[in-house]
Amino acid sequence: MPDPITIQIPRLHDGQREIVDAAARFNVLECGRRFGKTTLGEWLAVTSALAGHPVGWFSPTYKLLADAWREVSRMVTPVVKSPNVQERRLELITGGLIDFRSLDSVNSGRGRKYKRVLIDEAGIVRDLQECWHA
């Protein structure tokens, strides 16, 4: 019998757990700098992809998504079926995937289908409403 695969995902603090437990279809967080919004987003992305769902992670620029890309890539390395560093796409053996995309273009998410979408630093995305409706 093969060894079980261990994934190290962050443990949520009480405030993050409260957000997860009260989540609706659409959620907006406005929290302080050290609350852990990005860590919560990483947790949501990884747990959704492990469950076999497609996930889209969007940030205002590629520079701003670099840290999340590296952290999520590190977390899921044991279960990555097909990593694509150039496209910042992680396909998992569970059938899930995580796409990391920049919102520097209004059409960045056009034609994509995700079960979960996370927009990190949404407050500084130029033309966010237009991106959302594209």
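Reader: Why is the contact between Asp 21 and Arg 17 called a salt bridge?

Author: The closest N and O atoms of Asp 21 and Arg 17 are 3.9 Å apart. The term asks for a side-chain nitrogen of Lys or Arg within 4 Å of a carboxyl oxygen of Asp or Glu, so this pair qualifies. This is a predicted model, in which local features need pLDDT of at least 70 and side-chain atom pairs pLDDT 80 or more, while totals for chains, interfaces and linings use all residues. Residues are numbered from 1 along each chain as its sequence is written, and side-chain values use heavy atoms, without hydrogens and water.

Reader: What places Asp 21 and Arg 17 about one helical turn apart?

Author: Asp 21 and Arg 17 are four residues apart in helix H1, which covers residues 14–21. Helices here are DSSP runs of H or I with at least four residues, strands are runs of E with at least two, and both are numbered from the N terminus. An α-helix has 3.6 residues a turn, so residues three or four places apart point the same way.

Reader: Why is Asp 21 called exposed, and why is Arg 17 called partly exposed?

Author: Asp 21 has 58% relative accessibility and Arg 17 has 33%. Buried means under 20% relative accessible area, exposed over 50%, and partly exposed in between, with a 1.4 Å probe and protein chains only. Asp 21 therefore counts as exposed, and Arg 17 as partly exposed. Glu 18, which also lies in helix H1, is exposed at 58%.

Reader: What makes Arg 70 and Asp 67 a salt bridge, and how are they placed in helix H3?

Author: Their side chains meet at 2.4 Å, N to O. Arg 70 and Asp 67 are three residues apart in helix H3 (residues 62–76), hence about one helical turn. Arg 70 is partly exposed at 49%, whereas Asp 67 is exposed at 54%.

Reader: How do you know that the span of H3 is close to the expected one?

Author: H3 has 15 residues and reaches 20 Å from its first C-alpha to its last.

Reader: Which residues of H3 are buried, and what do they pack against?

Author: The buried ones are Leu 65, Ala 66, Ala 68, Trp 69, Val 72, Ser 73, Met 75 and Val 76. They pack (contact means heavy atoms within 4.5 Å) against helix H2 (37–50), S1, strand S2 (80–84), strand S3 (89–92) and S4.

Reader: How many aromatic pairs does the whole structure have, and why is the pair of Trp 57 and Phe 100 called tilted?

Author: There are three aromatic pairs. The ring centres of Trp 57 and Phe 100 lie 5.9 Å apart and the planes stand at 35 degrees. Rings of Phe, Tyr and Trp (its six-membered ring) pair if their centres lie within 6.5 Å; planes under 30 degrees apart count as stacked, over 60 as edge-to-face and the rest as tilted. The pair of Trp 57 and Phe 100 is therefore tilted. Trp 57 is in strand S1 (residues 54–59) and Phe 100 in strand S4 (residues 97–102), so the pair ties together parts 43 residues apart in sequence. Both Trp 57 and Phe 100 are buried.

Reader: What kind of pair do Phe 58 and Tyr 114 form, and which parts of the chain does it link?

Author: Phe 58 and Tyr 114 are edge-to-face, with 6.1 Å between centres and 80 degrees between planes. The pair links Phe 58 in strand S1 to Tyr 114 in the loop between S4 and strand S5 (116–119), 56 residues apart. Phe 58 and Tyr 114 are buried. Ring pairs also link Trp 57, Trp 69 and Phe 100 into a cluster.

Reader: Which elements line the largest pocket, and which gives the largest share?

Author: H1, H2, S5 and helix H4 (128–133) each supply at least two residues of the lining. The largest share, seven residues, comes from H2.

Conventions
The expected span of a helix is 1.5 Å times one less than its number of residues.
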